[in-house]
Amino acid sequence: MMNYSPDPPADPPASLTPAVRAEGVTVVRGPRTVLRGLDFTVPRGQITGLLGPSGCGKSTLMRSIVGTQAKVTGTLAVLGSPAGHPTLRTRIGYVTQAPSVYNDLTVRQNLDYFTAILAPALSASDRRHEIDRVLTDVDLTSHADALAGNLSGGQRSRVSLAVALLGTPELLVLDEPTVGLDPVLRRDLWTLFHSIAADRGATLLISSHVMDEAERCHRLLLMRKGEILADDTPDALRTRTGAETVEAAFLHLVDEAATAAHEKETTR
Ligand SMILES: Nc1ncnc2c1ncn2[C@@H]1O[C@H](COP(=O)(O)OP(=O)(O)OP(=O)(O)O)[C@@H](O)[C@H]1O
């Protein structure tokens, strides 16, 4: 016999709801379906890597999660609310592929400008405090008065990240933040991502098409041609496929998917 309760179940506590829950998420861009019925969750407080070749749909998925993508169907819940809900604006930090900083402003002026937009009610001293905090987070205090245009690529990426950290967001969505950076800067940025997750319990969703960065993530969403090939930890992926690296595991899964598609085709 089923137990029947006339009351709807209470919402689970925030700590139990995933940061992102997708069910049947589909996105059409122009004439093409670029995301095809994606089902996955992103747990809170961890770093989830979104990996896959160029053009597989990583940016489209990130734009859907932050609420800037049109023609999204299916269910996409972010921090317990529908993606794009106005209350999510201050709870999500988003860094697009092109660093969105003004080259003719100093680092501090850039942050001052974005703080004024994000939190216009903050007093001047609170604003300064907030800017000092994110400058420390990204280790750019000594460059606060440098023009953004005079910084290196890695430093400019960190300014973008500092902008995303304003207001202490619960979810950070970072679209290929390490692209074009040398190995030392990439390593430093990954150390910073891990300290943001560990110190604040923030959730980070980070895209990359560099497979060796997969090893630095707690969990992985492997994408190909608008579909999720795997949603697992790097260890579990290697074990399941018998591969030594995540890259080899990815290639194994691609071959497996191609074989399955071929078999389906020939048994029709
Ligand atoms: N405005 C658009 N109209 C139609 N198709 C588009 C549009 N923008 C992107 N696409 C297509 O959508 C697909 C997914 O693009 P998306 O930028 O999400 O991929 P990506 O995995 O982030 O690629 P990259 O790693 O190169 O940034 C691509 O095949 C692309 O050609």
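Before we look at how things pack, a quick convention: two residues are in contact if their C-beta atoms, placed from the backbone, lie within 7 Å. What you have here is a predicted model, where local features need pLDDT of at least 70, side-chain atom pairs count only at pLDDT 80 or more, and totals for chains, interfaces and linings use all residues. Residues are numbered from 1 along each chain as its sequence is written.

Let's start with α1 (58-66), a helix in the DSSP sense (H or I runs of at least four residues; strands are E runs of at least two, and both are numbered from the N terminus). It lies across β1, β2 and β4 (72-78), at about 120° to β1. Angles run from 0 to 180 degrees between N-to-C directions, using lines fitted to C-alpha atoms, for helices over the stretch in contact.

Those three strands belong to an open antiparallel sheet of 4 strands, ordered β2-β1-β4-β5. Strands pair if DSSP finds at least two bridges between them. β2 and β5 (81-82) each have a single partner, so one side of each lacks a neighbour in the sheet. Between β1 (residues 20-29) and β2 there are 7 bridges, and Ala-22 sits opposite Phe-40 in β2.

Now for the other sheet. This one is open too, with 6 strands in the order β6-β7-β8-β3-β9-β10 and mixed pairing. β3 (residues 47-51) runs parallel to β9 (residues 219-224), joined by 4 bridges; Gly-49 has Leu-220 as its bridge partner in β9. α1 packs on this sheet as well, touching β3, β6, β7 (171-174), β8 (203-208) and β9.

Finally, the ligand: 13 residues surround it, with Gly-30, Ser-54, Lys-58, Ser-59 and Thr-60 the closest. α1 gives the most to this shell, 3 residues.

How values were computed: A residue is near a molecule or strand if its C-beta atom, placed from the backbone, lies within 6 Å of it.
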